Protein chains: 2
Amino acid sequence: MTTRQSCDVAVVGAGLSGLYAARLLAAVGVDVLVLEAQTRVGGRTLTGHFSDGTFVDDGGQWVSPGQDRIASLARDLQIEMFPSWSDGRMVLLRDGIRSVGEGPIPPNSEANETTMSAARRLANMASDLPLDAPWTYADAPRCDAATLHRWLAERVDNPLAERVLSNAIEGVFARNAAPTSLLSALFWVRSGDPLVPFVAEGPVAPERRFVGGAQQLCDKMSTGLGDRVLLGSTVTEITQTEAAVEIISTNRVVHADRAIVTLSPTIAGRIRYSPGLPVQRDHLCQRASMRWAIKVHCVYANRFWAAEGLSGATMSDDGIVRITADNSPPSGAPGVLVGFIEETEALQISSANPDERRAAVVADLVKYFGAHAADPLTYREKHWGDDPFSRGIDGGYWSPGIWTAYGAALRRPVGRVHWAGTETAAVWNGKMEGALLSAERAAAEVQGLVVDNTT
Amino acid sequence: MTTRQSCDVAVVGAGLSGLYAARLLAAVGVDVLVLEAQTRVGGRTLTGHFSDGTFVDDGGQWVSPGQDRIASLARDLQIEMFPSWSDGRMVLLRDGIRSVGEGPIPPNSEANETTMSAARRLANMASDLPLDAPWTYADAPRCDAATLHRWLAERVDNPLAERVLSNAIEGVFARNAAPTSLLSALFWVRSGDPLVPFVAEGPVAPERRFVGGAQQLCDKMSTGLGDRVLLGSTVTEITQTEAAVEIISTNRVVHADRAIVTLSPTIAGRIRYSPGLPVQRDHLCQRASMRWAIKVHCVYANRFWAAEGLSGATMSDDGIVRITADNSPPSGAPGVLVGFIEETEALQISSANPDERRAAVVADLVKYFGAHAADPLTYREKHWGDDPFSRGIDGGYWSPGIWTAYGAALRRPVGRVHWAGTETAAVWNGKMEGALLSAERAAAEVQGLVVDNTT
């Protein structure tokens with residue numbers, strides 16, 4: 001049963017980027033349709049509930065200082081935000097030794113000085129990297145052949161500083177998946193905020209979260225769009241002529257003037273295109289692999305770690321879960337710890353049965369937070385690498401050589417097909433804010449406008 | 001118009017691997033169907049003809065000493081082979097200086113000694129690498145984090161030797177696409193024959209070619225299979241239960257007991273699977289990108305280079321075409337030079353118009369072979385990166401970290417779906433011989449047999 005429809009602009013994907021693009025276009029009278037493969041909206045935002053009704057974000061959730069579009073969208077949609085629980089000291093596990101501290105390095109230590117100085121140097125190198133075209137950076141060929149690890153090894157004469165910086169820069173997106181090119185690291189330093197803890201001049205505002213969860217943004221945008229959002233419609237083919245584009249899904253054919261594809265390059269590359277994608281774009285899709293991670297939550301009766309002056313945050317160089325945070329709701333009860341199992345560890349543990357995985361996660365939390373952590377009321381996990389609609393948390397261009405060879409195809413429209421999604425964002429690439437910025441740009445493109453949202 | 005059919009084993013792809021698997025299965029009475037997206041068979045073998053009727057291979061063509069399956073298959077199919085034109089001296093262009101020599105390095109030079117000694121060392125390191133499971137190599141974690149280039153830089157104290165070895169090992173599959181991990185290089189050293197010129201004890205037999213072109217192997221196998229080969233049927237979806245597998249194409253649904261997918265991991269990853277592929281397999285597909293290359297031919301009235309004692313072979317560190325060979329037919333007339341435009345150069349030149357590209361290619365040939373090369377009778381090119389059915393010449397696992405993290409998913413069947421294609425071959429990976437070996441293994445798997453064809 002194939003339904004035929006037509007519209008001005010067809011949007012593929014009802015995540016933050018697709019819905020925001022549709023919302024912007026609908027607001028100016030453009031006739032828009034959004035095709036979504038899943039039977040829900042939200043993409044990589046996904047909010048669930050524990051049995052007591054407490055919301056939990058299995059997907060994207062944190063809003064950093066300076067992410068203004070998403071804060072503004074939340075206000076428009078009447079979704080409240082609250083500061084993420086972060087007071088207290090951090091647990092560090094390094095070389096088998098546990099310690100606690102204000103941050104990852106003792107203040108006034110030599111390691112701290114070295115870290116801050118190397119962070120300033122990296123930030124300075126990144127300061128004139130063109131965010132919308134890293135491949136045009138003056139030193140791009142050399143930086144894209146070099147790796148971040150080698151740069152750190154050669155220039156940071158302190159093993160702790162080296163590790164803290166590589167964790168800060170890579171931990172958020174690419175740890176141990178593949179070597180990160182120095183150019184990618186500089187892009188990330190300027191596009192996101194990994195060095196903020198080391199280069200900020202004053203106190204840094206905490207991350208914020210959405211009361212009730214991040215998926216609400218998509219739910220509410222979708223409600224506003226009504227029957228313009230078509231669920232359960234997996235796009236399999238995009239065919240275009242000079243005059244029009246056809247989006248062919250498992251149950252529809254949508255005839256449109258323009259299309260905006262908001263899927264990550266990897267997933268977008270799995271659609272059949274006629275005519276075929278230009279070779280540089282296709283090869284970009286082949287190389288922009290997704291980051292594999294499992295997001296886990298453990299629920300406790302209360303935030304027992306806070307009573308001990310701990311923030312719930314961990315940075316560890318061992319174990320299955322190496323990064324944790326306090327993910328409790330605004331009320332502070334129950335106490336919720338969130339952890340990430342990334343890449344190599346996800347690979348190791350993904351074939352274990354859920355009980356084994358739970359045991360391994362809990363054992364790590366006990367190492368970090370003591371015996372109180374041993375018996376969570378609830379254990380919950382979301383495997384983003386397994387999710388057939390996203391196959392990972394975020395995608396990237398991190399390996400050496402990718403930005404310089406294929407970067408130019410990242411946002412360049414292919415005829416009537418435009419590209420959005422957080423992986424195409426110049427600023428806050430990989431973040432929810434980046435998804436909105438990319439939508440803003442693509443919505444402007446299809447209207448024949450040019451927008452500079454890199455500043 | 002969807003046709004429904006059923007069979008014992010459905011094979012996806014009518015290249016060398018798919019047709020050979022079908023041939024082996026049909027020979028023992030297995031009911032087999034081959035689904036091919038294109039309207040021709042042959043996959044990455046593709047034979048055409050110049051206007052005078054001379055055959056030309058736009059795809060795979062060379063058979064190396066020791067590639068016994070393909071030689072035997074050719075005998076069975078009554079396709080003759082002939083030694084590839086290779087007598088004469090090689091043209092070398094290095095740092096802007098042209099020279100000619102018996103091989104890439106002057107014999108009895110220090111560079112030659114250094115090259116031979118490093119080649120022996122690499123061959124020795126590779127000698128106990130398990131070809132069917134490089135990730136289990138004793139030193140795999142370290143070797144897969146290291147790169148070939150760094151190993152060469154640190155251990156080969158002669159710039160010419162270093163360059164010759166990296167060209168020999170990487171030139172054939174991955175030059176400048178991404179850094180090659182040392183583990184990948186060792187796999188390739190043992191799976192293929194890149195170091196043969198440096199470690200062989202006696203004279204090496206020449207490469208051979210097929211009289212009339214390599215695609216004949218597929219054409220003749222397909223003829224033998226008759227209506228079991230279904231052309232123009234693009235597989236879009238593979239659905240399986242415990243009891244059966246369904247192959248859904250653009251015009252058919254084939255119900256089978258087992259499926260053999262012979263596409264490269266990248267292209268195979270673009271099919272929709274239900275249930276979805278296991279995460280390790282999916283992520284392997286995300287990371288096994290194809291090598292981008294343009295194969296070009298220039299035709300001349302005669303083999304003018306032979307009159308000057310040249311073989312037609314070039315190794316150059318500059319220009320658009322950096323590797324050439326004499327690709328003349330058995331009769332020796334007309335004279336045909338073949339060249340490869342690889343990766344970075346393919347990227348640079350692919351957006352130029354055909355006349356500009358021809359001019360750039362011819363200019364390189366003039367640099368290598370003199371003014372006689374300036375005016376080819378015919379210029380011909382095949383862009384494998386653009387080909388929507390293959391998107392490159394061959395695919396690989398060359399970047400650091402891929403073999404160790406994802407290699408185990410390369411051949412492991414997923415339920416009733418088995419994997420073949422040269423990218424899954426333990427021996428002669430990426431070659432036509434590897435395609436046949438992989439077919440032999442997969443055909444055995446679906447019959448419940450186990451075959452060791454790594455020795």
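How far apart do the C-alpha centres of domain 1 of chain A and domain 2 of chain A lie? In this predicted model, where local features need pLDDT of at least 70, side-chain atom pairs count only at pLDDT 80 or more, and totals for chains, interfaces and linings use all residues, the two centres lie 29 Å apart. Residues are numbered from 1 along each chain as its sequence is written, while chains are lettered from A and ligands numbered from 1 in the order in which they are written.

Domain 1 of chain A is put together from 3–44, 213–289 and 396–446, and domain 2 covers 113–199; the bounds come from an automatic or database domain assignment. Where the two touch, domain 1 of chain A brings 16 residues and domain 2 of chain A brings 20, with contact meaning that the C-beta atoms of two residues, placed from the backbone, lie within 7 Å. The domain 1 side of that contact splits into 8 nonpolar, 7 polar and 1 charged. Here Ala, Val, Leu, Ile, Met, Phe, Trp, Tyr, Cys and Pro count as nonpolar, Asp, Glu, Lys and Arg as charged, and the others, Gly among them, as polar.

Turning to the pair of chains, a rotation of 180° with 0.0 Å of shift along its axis superposes chain A on chain B, with an RMSD of 0.0 Å. That is the relation of a two-fold axis. In chain A, R270(A) has the C-alpha nearest the axis, 2.2 Å from it.

At the interface, 28 residues of chain A are in contact with 28 residues of chain B. Helix 11 of chain A gives the most, with 6 residues. By class, the chain A side has 10 nonpolar, 13 polar and 5 charged residues. The copies meet through the same surface, because 100% of the interface residues of chain A are also interface residues in chain B.

Within chain B, helix 1 (residues 16–27) and helix 16 (residues 432–446) pack at an angle of about 40°, with their axes 8 Å apart. Axes are lines fitted to C-alpha atoms, for helices over the stretch in contact, and angles run from 0 to 180 degrees between N-to-C directions. Their contact has 11 nonpolar, 2 polar and 1 charged residues. Among the residues that meet are Y20(B) and L24(B) in helix 1 and M432(B) and E440(B) in helix 16.

Methods
Helix = DSSP H or I, 4+ residues; strand = E, 2+ residues; numbered from the N terminus. Least-squares fit on C-alpha atoms with pLDDT ≥ 70 in both.
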